[in-house]
Structures are given as structure tokens and as C-alpha cells.
Amino acid sequence: MEPIFLQKKKFSHPQQAGPVRHTLSEVFPETATDAAALAYVLSCLPRTHAPILWVQDHLSARETGRPYLAGIGAGRAIITINLSRPVDVLWTLENSLRCHTLAAVIGELWGDPNAVDFTATKRLALRSEASNVPCWLIRHAATPNLSAARARWRIGSAPSALHPHDQQAPGMPRWSLDLFRAHHARPAKWTVTYDRTTDCVDPLPLPRNREVGARDGTARQLTG
Amino acid sequence: MERQGNSPADDIPLTLIVEGTHGPVIHATNRTARTMGVQIGARVVDMRAICPELQTEYADREGDKAALERLVLWARRWCPWTASDGADGLILDTTGSAHLFGGEDAMLIEMETQFSLLGLTSRLAIAPTQGAAWALARFGTVRSICTEGEIAQRLSPLSVSGLRLSAETVQLLHRLGLKTIGALMNVPRLSLARRFVKAALTANPLVRLDQALGKLAEPVASVEAKPRFSAQSRLPEPIFDPAPYLPQLCDNLCDALQNAGMGCRYLNLTVYRTDGDVSHIDVATAASTRDPVHLHSLFRDKLERINSGFGFDLITLTAGGVEAIQIVQTQLDGEAHSDLQLTQLLDRLTAKFGPRSVSYPVVYESHVPERAQRRISNFGAPPPQTAELIKERPIRLLDIPEEVHVLYAVPEGPPAQFIWRRKTHRVTRYAGPERIAPEWWKDRPGTRLRDYFKIEDQTGRRIWLYREGLHEDGRGGDPRWFIHGMFA
């Protein structure tokens with residue numbers, strides 16, 4: 001048992017080991033209106049000035065709101081595309097992935113449309129890997145059916161950290177991440193804290209006197 | 001000339017007004033208002049005293065100027081050399097072109113007819129010099145025609161205002177007893193020259209008189225019309241599908257643009273049907289371009305929307321928004337522009353899904369959260385300056401805030417529990433309130449202030465909700481609660 005992990009501050013994304021190869025990832029928010037999934041996706045994106053192409057279908061825009069630049073940070077350039085049909089969302093994602101200049105392509109889909117099947121996700125994954133542009137598919141109120149996404153996450157909010165000055169107020173946000181299927185890493189679960197000021201995601205340090213049990217294996221994943 | 005677009009009835013005294021130093025002043029009037037004594041340049045409050053039923057409308061001076069510029073080019077149907085004159089005049093050099101319309105009389109009638117078909121009143125005059133035509137059109141008889149020898153004779157009964165002088169100079173001449181141009185011509189030339197030796201052009205009656213009489217040359221500076229880029233193909237017999245001809249048309253148009261060093265922002269494809277009807281498709285691009293393959297691809301999903309009727313035998317492709325584009329090599333290895341891919345992608349998306357679905361959000365300076373972000377669809381415009389963000393804001397905002405049923409301990413305090421979308425959320429932690437007052441300069445009177453709370457519920461979700469108004473604030477009943485956004 002090596003305690004190195006506890007000292008390691010920077011949370012390393014399991015996909016980012018070695019040279020960065022971007023691919024298709026799928027995110028299932030625990031509840032449809034939970035913004036934690038979106039916040040995690042944003043924290044994973046490369047920090048460049050290139051624009052993010054953001055495709056939303058009509059239902060997810062109405063039910064879960066639109067991206068709000070004042071909260072995301074005005075430094076990111078976003079191009080939003082609002083469509084009504086899931087087929088159009090997939091078409092737009094696939095065509096946008098040809099464009100190497102985009103920082104990322106984010107697609108939001110509501111429910112389980114027939115169009116979103118294994119073939120469609122396979123096409124997106126291959127396109128994304130060919131152009132090396134990260135593609136994130138956020139699936140609100142969806143069931144994790146068959147999919148070719150290289151990493152599939154289930155993400156929800158967790159009770160936030162203590163506020164340094166105010167006992168009553170919510171502090172730095174915490175998210176519970178569940179990587180339940182991945183090509184390049186072993187599935188694992190984490191609870192992470194997000195620091196808004198430094199824009200960095202830290203894994204929750206385990207209490208020192210905590211008995212190391214089932215989480216031991218997952219903790220090792222982080223160092224990889 | 002007065003705009004008669006969709007004007008009200010002639011018996012209503014109507015004026016156009018502009019903002020002056022001491023309140024609005026009259027900019028233009030219709031005939032009824034003029035006969036009732038309303039003067040141009042007077043204040044509206046004074047004229048209301050004379051004519052209580054006076055109707056006023058704000059003048060659109062920029063629009064009038066743009067319309068006049070278009071009219072300058074439109075008037076080239078009669079002669080090749082036209083220019084605008086002041087805010088309300090056109091100068092046409094009709095030398096040698098009158099015979100094409102059957103003489104000068106017939107040409108003036110033709111002009112007046114065409115202008116009235118556009119909804120414009122016109123006062124026309126033909127004279128050998130620009131100054132004489134100006135005076136005769138404004139102060140002379142209807143459609144007066146003045147020949148070379150009779151300028152002095154035709155001008156002499158007219159008022160000195162006809163010499164294109166400033167109001168102060170006209171007033172000065174009136175004080176000197178010189179009311180008509182004839183009286184001015186009778187004054188010895190030497191004394192006029194001595195009196196106005198240092199005066200500017202608009203204050204110098206001698207120079208203006210010489211210009212009107214033709215003793216001093218006054219050339220007309222015409223404007224160059226922008227070249228029109230268009231390609232067309234005439235077909236031997238009517239067809240129903242323009243697709244096979246489109247690549248050739250795009251190639252021809254882009255060749256023409258290439259030769260001129262121009263690119264276009266809009267394309268218009270028009271088919272002229274055999275039954276005399278016209279059908280068209282418009283596409284737009286995010287940046288000016290002259291790439292035939294790209295322009296052709298913009299029509300790909302749109303061609304089925306064209307209504308070909310019983311077939312068409314003429315197709316035209318016209319470029320709009322033409323502007324010069326420079327070829328810039330951004331990389332040493334001669335690779336294609338990196339921006340080019342993105343603009344072409346946006347063009348395709350706009351062409352397929354419509355301009356309303358593709359936009360980019362920008363931060364706007366406002367305290368009201370829904371106004372702090374705007375969506376801009378025009379990718380050609382430079383992105384505006386971003387405002388500094390101080391307060392923590394949610395990363396998602398609902399378009400329409402959703403009303404929730406709230407239980408609270410103190411009326412002015414945070415909620416203890418609320419029901420949103422049929423689920424009960426228990427508030428474990430909260431921050432706030434942050435009070436955001438309505439923007440009184442923009443909101444309707446009676447808009448209530450908002451107290452925003454960032455709350456965390458039992459599952460850890462962080463939600464932004466607000467109470468609209470206060471108890472007993474006199475702006476409606478009990479305050480209501482709304483969910484507005486979600487934090488990270």
C-alpha cells in the first residue's frame with residue numbers, strides 16, 4: 001500500500017495518461033437537472049481560446065436551461081446551436097468533428113431517441129479520434145444502453161465542502177464521479193472537489209484514520 | 001422631395017421632427033401643415049400653439065440619406081452622370097440624353113411620373129447651370145426649362161434664397177434691400193466683391209451668382225456604382241431542377257469575384273418560370289468567400305424548396321454583400337486557413353437549420369441575470385468587449401424561471417423546503433440573499449425586486465432561486481418563488 005496518492009493533488013483524468021488523444025465520452029447526469037455533469041465536462045476540456053461548439057436539442061434546452069456564460073467564464077468562446085430533432089443533433093456533431101479548430105464539441109440529448117444507437121455513437125467516436133477533437137455527449141434522463149463511447153460516466157452532485165467563512169453557505173462544489181465503462185482505464189468511482197478559482201479538480205482526500213477497504217483498488221487507478 | 005411612403009390623409013397636418021438644442025424642432029412638413037403656418041426649423045411646442053392638431057413623427061435622417069444614395073444610382077436610367085445635392089436634391093447631367101425620351105418636356109414628365117410611382121413628390125427644372133436649375137426647381141414654375149441665353153432673365157424675379165446661400169447671408173441681403181436675384185445683379189460688381197471678399201462659398205452672393213449664370217464653372221462629381229456580380233444561364237427549354245446548372249453558375253460567379261478581388265456574404269438564386277412567376281432561394285455565409293465548391297454546398301439541402309411550377313428557362317445567381325477580401329497566408333507551409341474550416345462549418349449549419357439556431361452568447365453589462373447574456377447570430381461582427389465577472393453565477397440558466405412552492409421559517413429569510421417538478425427538496429445550506437433590483441430605466445413600472453439565494457438540497461444539488469418581491473411592498477400579493485439556474 002503506497003500512500004503517494006494522498007499527497008498527489010492534481011486529479012489526473014484516466015484518459016489523459018500519455019499523449020493526449022481525444023475521443024467520444026458519454027455522461028449521464030444522475031438527475032436531469034443536475035449541473036454537476038456539465039461542470040465536470042467543462043473542467044475536462046482543453047484550456048484554449050478556440051471555440052466550443054455546443055449543440056442542444058430543444059427538450060434539454062427547455063428542461064435543463066442554456067449554458068450561462070457569466071458562470072462558465074467569459075474567457076471561453078462558445079457557439080451554441082439549438083435544434084429540435086435528435087437526428088439533427090447527431091448530424092451536426094458528426095460534421096463539426098471534421099473541424100480541427102474547435103476546442104471541443106458538446107452535444108446534449110434528452111431521453112432515449114432511436115437515432116442514438118451503437119452505430120451513431122461509433123461514428124462519432126471514430127470521427128472524434130480521427131480529428132483529435134474531444135466530443136462529449138451529455139444524455140439527460142437517459143438509460144445507458146449500448147454505446148460505442150470510449151468512456152461513460154455517471155455524474156452527480158455531492159454535498160459541498162465547508163465554506164471557509166460561512167458555516168451556513170455551500171462551499172466548493174463536490175461531485176461524485178462514476179466511470180462505469182472505459183476503454184483505456186479501469187472503471188472506478190471518485191468524489192472530487194472542484195476549485196473554481198484555480199479551475200482544478202482534486203480528489204477528496206481520504207481521512208487519515210480511515211480503514212482502507214473496497215476503495216483501495218479505485219484509489220490506485222488515480223495514479224495511473 | 002418628401003417621403004410619401006404610407007403617409008396619412010392629406011388633410012392631417014403632419015410634421016417630421018428632430019431633436020434640437022431646446023427640445024424637438026420641425027424638420028419637414030406636409031402641405032396642410034405648411035398652409036396652417038407651421039415653419040421648418042421652429043420648435044414643436046411653438047407650432048402646437050398655432051396648430052393644436054399637429055401630428056409629429058421622428059425623422060429618419062440616416063434612412064433618408066441612404067435612400068437618396070440609392071436614388072442617385074436609380075436615376076441613371078435617364079443619364080449616365082448623376083449626383084446627390086444636399087439632403088433632398090438630385091443633380092442629373094442630361095446633356096445629350098433628352099432626345100432619347102422625346103425632348104426635354106417629355107423627359108421631365110417621364111421623370112415626374114417615375115418618381116410618383118416610387119411615392120415621391122418631385123420638383124424638376126432644366127437649366128444650363130447647376131445653380132440656375134437649383135433656383136428654378138425650388139422657386140420657379142412647375143417643370144421650368146431654361147435655355148442658354150435666358151438664365152439672367154429667368155432668375156431675376158426669384159428671391160435671393162435661390163442662390164444656395166446660408167440663412168444669415170440671405171437675411172443680410174434682405175437688410176441691404178436686395179430681395180431678388182435681379183436686384184443683386186444690378187449692384188455694381190466691384191462693390192459686391194469688396195463687401196464679400198473673405199466670405200465662404202455659402203456666404204458669398206457674387207460667387208453663387210456667377211455659378212448660376214455660368215460665368216464660373218461648377219462640375220458635377222458623380223459617384224461610381226458598385227459593380228454587380230451575377231451569373232446566369234439561359235436554357236433552350238424549360239426544366240424543373242436547377243441542380244445540374246448550379247456548379248457552372250457558381251464557377252462563373254466566383255471567377256468574376258476572383259478577377260475583381262472581391263468576396264460575397266450572400267447569394268441569391270432566382271429562377272424565372274415560364275408562367276411568368278419568379279422563385280428564389282437565399283443563402284448567407286459567415287465570412288466573405290469566393291470558393292465555388294463551398295458556395296455550391298450551401299444550396300445542397302435547399303434546392304428542393306424552390307418552386308419550379310411548370311418549369312423555368314432562366315437561372316440567375318447574384319452575389320450580395322460584396323466586399324474586398326485579401327488573401328492572407330497564415331502559415332509558412334501554405335496550409336489552408338484554420339478559420340476557414342470553422343466559417344464554412346457555420347455556413348453549412350446556418351444554411352441547413354436557419355440563422356436562428358446558430359448563435360453565440362456574449363456577456364452584456366446588466367445586473368439582471370437573464371439580460372447579462374445575449375445571443376448574437378451575426379458572425380461577421382467583431383465580438384464585443386466582455387464584462388468583468390465578480391459574483392458567482394450558475395453555469396446553467398433556465399429560459400423561463402420556474403415557479404416553485406416554498407416553505408420558509410421567516411418571510412424575508414431563505415426557504416426551508418420547496419417542491420420543484422413534483423419533487424421535494426430540503427434546503428441544507430444556503431447563501432444569500434443577493435438583492436437584484438429591477439432596471440427602472442428598462443422595466444415596466446411595478447416590477448418587483450428579486451432576492452437570490454444559492455441553496456444546496458439534501459442530495460447536494462446547488463440551485464439558484466429567488467423570491468420576487470417582499471411582503472407588503474405594495475406591488476402585488478405575497479411574493480412568489482422561482483428557480484432560475486443551477487450551479488456547478
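In this predicted model, 38 residues of chain B are in contact with 41 residues of chain A, where contact calls for C-beta atoms, placed from the backbone, within 7 Å.

Residues are numbered from 1 along each chain as its sequence is written, while chains are lettered from A and ligands numbered from 1 in the order in which they are written. Local features need pLDDT of at least 70, and side-chain atom pairs count only at pLDDT 80 or more, but totals for chains, interfaces and linings use all residues.

On its own, chain B has 13 helices and 20 strands, taken as DSSP runs numbered from the N terminus (helices H or I, at least four residues; strands E, at least two). Of its 488 residues, 28% count as buried, meaning that 20 or more other C-beta atoms, placed from the backbone, lie within 10 Å of a residue's own. Helix 3 of chain B is hardly covered, as its count of buried residues is 0.

Elsewhere, the axes (lines fitted to C-alpha atoms, for helices over the stretch in contact) of helix 5 and helix 10 of chain B come within 5 Å and cross at roughly 95°. These two helices of chain B are therefore roughly perpendicular, a label for angles of 65 to 115 degrees.

Notes
Axes fitted to C-alpha atoms, helices over the stretch in contact; angles between N-to-C directions. Parallel < 35°, antiparallel > 145°, perpendicular 65-115°, else oblique. Buried ≥ 20, exposed ≤ 12 C-beta atoms within 10 Å, placed from the backbone. Contact = placed C-beta atoms within 7 Å.
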